[in-house]
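Open the model in your viewer and keep the sequence beside it. The stops below say what to select next and what is there.

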Amino acid sequence: MADRLVLFTRPGCHLCDVAKEAMVRVAAATGETWHEVDISGDRELEGEYGDRIPVVLLDGKEHGYWRVEEDRLLRDLGR
């Protein structure tokens with residue numbers, strides 16, 4: 001089964017580092033797993049998300065960008 005949570009990032013992104021810390025907290029609170037996708041070098045992902053990195057996907061749909069809204073994400077995960 002694929003992870004419900006995906007975090008799109010790129011190297012050297014300070015907001016991405018903050019978002020990863022938030023995703024770790026969400027995962028600890030919910031037991032959900034997540035994975036990171038580096039969009040650098042992927043023209044399609046760069047075109048779609050490049051200006052809004054980091055981007056959180058929940059169940060394949062964009063949940064937010066620039067920061068992880070932890071309370072909202074926990075609510076939407078049913079926790």
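Begin by selecting Trp66, which is partly exposed, with a relative accessible area of 42%; buried means under 20% relative accessible area, exposed over 50%, and partly exposed in between (1.4 Å probe, protein chains only). This is a predicted model, in which local features need pLDDT of at least 70 and side-chain atom pairs count only at pLDDT 80 or more, while totals for chains, interfaces and linings use all residues. Residues are numbered from 1 along each chain as its sequence is written, and side-chain values use heavy atoms, with hydrogens and water left out.

**Aromatic pairs**

How many aromatic pairs does a search of the whole structure find? There are two aromatic pairs. Rings of Phe, Tyr and Trp (its six-membered ring) pair if their centres lie within 6.5 Å; planes under 30 degrees apart count as stacked, over 60 as edge-to-face and the rest as tilted.

Select Phe8 and Tyr49: the pair is tilted, with 4.8 Å centre to centre and 40° between the planes. Phe8 belongs to strand S1 (residues 5-9) and Tyr49 to helix H2 (residues 43-49), so the pair ties together parts that are 41 residues apart in sequence. Helices (H or I, at least four residues) and strands (E, at least two) are DSSP runs, numbered from the N terminus. Phe8 is buried at a relative accessible area of 7%, and Tyr49 is buried at 12%.

Tyr65 is partly exposed, with a relative accessible area of 37%. Show Arg52 as well: its charged end sits over the ring of Tyr65, 5.4 Å from the centre. A charge sits over a ring if NZ of Lys or CZ of Arg is within 6 Å of the ring centre and within 35 degrees of the ring normal.

**Strand S1**

Go to Leu7 in strand S1. Leu7 is buried, with a relative accessible area of 0%. The C-alpha atoms of Leu7 and Glu36 are separated by 4.8 Å, although the two are 29 residues apart along the chain. Leaving aside neighbours within four places in sequence, the contacts of Leu7 (heavy atoms within 4.5 Å) include Cys16, Met23, Trp34 and Val55.

Thr9 also lies in strand S1, and counts as buried at 1% relative accessibility. The side chains of Thr9 and Glu36 are joined by a polar contact of 2.7 Å. A polar contact is a pair of N or O atoms within 3.5 Å; within protein, one must be able to donate a hydrogen and the other to accept it, and residues adjacent in sequence count only if both atoms are side-chain atoms.

**The disulfide**

Select Cys13 and Cys16, which are joined by a disulfide (S to S 2.3 Å); the term covers a pair of cysteine sulfur atoms within 2.5 Å. A search of the whole structure finds one disulfide. The torsion about the S-S bond of Cys13 and Cys16 is about 80°, so the disulfide is right-handed. Cys13 is buried at 13% relative accessibility, and Cys16 is buried at 1%.

**The hairpin**

Finish at strand S3 (residues 55-58) and strand S4 (residues 61-65), which pair in the antiparallel sense over four bridges. Two strands pair if DSSP finds at least two bridges between them. Leu57 stands opposite Glu62 in S4. The hairpin of S3 and S4 has two residues between the strands, and Asp59 takes a positive phi near 55°.
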